[in-house]
Amino acid sequence: MDKPWRTEKDLAALLLARSRRRRTSIITPDTAVLIANALMHMGDKPTRDEIALMLCSSHCSTPCYACMARANIVAAAYGVRRD
Ligand SMILES: [Zn+2]
């Protein structure tokens with residue numbers, strides 16, 4: 001049986017739509033692995049300040065303006081962990 005979604009975003013939209021209609025979703029073991037891995041790594045993202053310090057070539061102790069500006073670009077593209 002073909003899966004009813006092509007991308008991870010399709011899967012998320014499908015699950016959200018069923019949830020909004022209060023419908024149960026039944027997933028295959030392969031889809032369960034995909035979802036479990038995504039959930040397992042959800043908190044792995046760094047904070048924006050941590051990204052800034054990773055990018056800092058001056059080894060600042062607190063994020064400097066230039067590094068924070070670059071960190072904002074990375075954060076906007078990939079998301080960050082919010083503590
Ligand atoms: Zn810096």
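**The residue after the helix, and its surroundings**

Tutor: Start just after helix H1, where Arg-22 takes a positive phi of about 60 degrees. Keep in mind that this is a predicted model. Arg-22 has that positive phi although it is not a glycine. Most residues other than glycine have a negative phi. Where does Arg-22 sit? It lies in the loop between H1 and helix H2, which covers residues 29-40.

Now step back into the helix before it. H1 runs over residues 8-20. It has 13 residues, and its first and last C-alpha atoms are 18 Å apart. That is close to the 18 Å expected at 1.5 Å a residue. How many of the 13 residues of H1 are buried? The number is zero, so H1 lies largely in the open. Among the elements of the protein, H1 has the highest mean pLDDT, at 96.

The cut-off for exposed is 12 or fewer, and for buried it is 20 or more. Ala-12 also lets you look along the chain. Ile-35 is 23 residues away from it in sequence, and their C-alpha atoms are separated by 9.4 Å.

His-59 has a positive phi of about 55 degrees, and it is not a glycine either. His-59 lies in the loop between H3 and H4. It counts as exposed, because it has 6 C-beta neighbours inside 10 Å. Helix H3 covers residues 48-55 and has the lowest mean pLDDT among the elements, at 93.

Next comes the end of helix H4. This helix spans residues 65-78. Why does its length agree with a helix? At 1.5 Å a residue its 14 residues should span 20 Å, and its end C-alpha atoms are 20 Å apart. H4 is followed by Gly-79, whose phi is positive, near 85 degrees. Gly-79 lies in the segment after H4. It is exposed, because 11 other C-beta atoms lie within 10 Å. Its C-alpha atom is 8.7 Å from that of Arg-48, a residue 31 places away along the chain.

Arg-48 comes up again inside H4. Ala-75, a residue of that helix, is 27 residues from Arg-48 in sequence and 6.3 Å from it in space, C-alpha to C-alpha. Leaving out residues up to four places away in sequence, Ala-75 touches Arg-48, Ile-51 and Val-80. Is Ala-75 buried, partly exposed or exposed? It has 19 C-beta neighbours inside 10 Å, so it counts as partly exposed. The cut-off for buried is 20.

Of the 83 residues, 6% count as buried. Among contacts between residues at least 6 apart in sequence, 37% join residues at least 24 apart.

The domain assignment gives domain 1 as 8-43 and domain 2 as 45-78. Their centres, taken over C-alpha atoms, are separated by 31 Å. As for confidence overall, the mean pLDDT is 92, and 99% of the residues reach 70 or more.

Conventions: Residues numbered from 1 in each chain as written. Predicted model: local features only at pLDDT ≥ 70, side-chain atom pairs only at ≥ 80, totals over all residues. pLDDT = per-residue confidence, 0-100. Helix = DSSP H or I, 4+ residues; strand = E, 2+ residues; numbered from the N terminus. Contact = placed C-beta atoms within 7 Å. Expected span 1.5 Å × (residues − 1). Domains from an automatic or database assignment.
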